Amino acid sequence: MKKSLKTVTALSALMMSATTLAAITAPELKVQGELMVPACKVVAGNNGVYDLGKLSPSLIKPTVSTSLSSKLQLWTVDCDAETFLSFSVTDNREGTASATGAEYFGLGNVNNTGKIGYYRVAMKTGAVDGENSSVYSTTSSSSFSALSTAYLAKGNKMGWAAANNQQKSGLKFSTLLSVEPVLASSAQMGGPVTDTAKLDGSMTLNFAFGL
C-alpha cells in the first residue's frame with residue numbers, strides 16, 4: 001500500500017513539473033531596422049568660396065610660375081542614415097590650367113587665350129562621427145591607400161578610409177580642403193597683365209553614398 005502511494009506521488013510531481021514548463025513563454029527575438037536612401041547635407045566653409053584677395057601683377061614672373069599662400073576651409077556632410085560617402089570633382093574651367101595633369105585645376109583666361117595659372121586641392125584632417133579618419137583618392141573603386149592627405153583629381157573618387165581598401169561608414173563626415181594656388185608666368189599668360197584680371201577657378205564636388 002505504501003509502495004503504491006509513493007508511485008502516485010512521483011507521477012503527480014512529474015505532471016506538475018511538465019505543467020510549469022509549458023507555462024513559460026520565451027521572449028521573441030527581433031531584428032529591426034530600415035533600409036533607406038540617405039539624405040545628406042553638405043556645408044562648406046564660406047559657402048565654398050576661397051577668396052585670395054587682391055594680388056599685385058608684380059608677383060608674376062617672366063618665365064616661371066609663382067606659388068601663392070594656401071587657403072584652408074572646413075567641409076562637413078551630415079547624413080540621416082549610416083552610409084559610406086565619396087565624391088568626384090569636375091573642373092568648371094577645364095582647359096585653362098597652366099599645368100597639365102589630373103590634379104591641376106584652371107583659374108581662367110587672361111589676354112584672350114592666356115592662362116592665369118592653376119590650383120591643387122588637398123583633402124586632409126578627415127573625421128567620421130567625430131573620430132579621426134584617413135582619406136583616399138583613387139581611380140579604382142576597390143583598391144586604394146589610406147592616407148593622411150589626398151589630392152583631389154579629375155577622374156578619381158575621393159572619400160574617407162578606415163584602412164587600405166576599406167571605406168569608413170558613418171553619419172557625419174568632415175575634412176579640411178586646402179586650396180594651393182599658383183600664378184602662371186607672363187609667357188603662359190600671353191603677355192603682361194595691363195588691366196584687372198580675375199582669378200576664376202570653379203570646381204563642382206559630386207557626392208555619392210554607398211559602395
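View 1. The protein has a mean pLDDT of 88, with 87% of its residues at 70 or more. Residues are numbered from 1 along each chain as its sequence is written, and side-chain values use heavy atoms, without hydrogens and water. In this predicted model, local features need pLDDT of at least 70 and side-chain atom pairs count only at pLDDT 80 or more, whereas totals for chains, interfaces and linings use all residues.

**View 2. The lining of the largest pocket.** Twenty residues line the largest pocket, and Gly48, Val49, Tyr50, Gly201 and Ser202 lie nearest its centre. At least two lining residues come from each of strand 7 (117-128), strand 12 (169-183) and strand 13 (203-209); strands are DSSP runs (E, at least two residues), numbered from the N terminus.

**View 3. The aromatic pair Phe87 and Phe207.** The ring centres of Phe87 and Phe207 are 5.2 Å apart and their planes meet at 40°, so the pair is tilted (centres within 6.5 Å; planes under 30 degrees apart count as stacked, over 60 as edge-to-face and the rest as tilted). Phe87 belongs to strand 3 (residues 71-91) and Phe207 to strand 13, so the pair ties together parts 120 residues apart in sequence. Phe87 is buried at 3% relative accessibility, while Phe207 is partly exposed at 29% (buried is under 20% relative accessible area, exposed over 50%, partly exposed in between; 1.4 Å probe, protein chains only).

Key
pLDDT is the predictor's confidence in each residue, from 0 to 100. On a 1 Å grid over the protein atoms alone, a cavity is a set of points where a 1.4 Å probe fits but cannot get out, and a pocket is an open set with protein on both sides within 12 Å along at least five of seven lines; lining residues have an atom within 4 Å of a point. Helices (H or I, at least four residues) and strands (E, at least two) are DSSP runs, numbered from the N terminus. Rings of Phe, Tyr and Trp (its six-membered ring) pair if their centres lie within 6.5 Å; planes under 30 degrees apart count as stacked, over 60 as edge-to-face and the rest as tilted.
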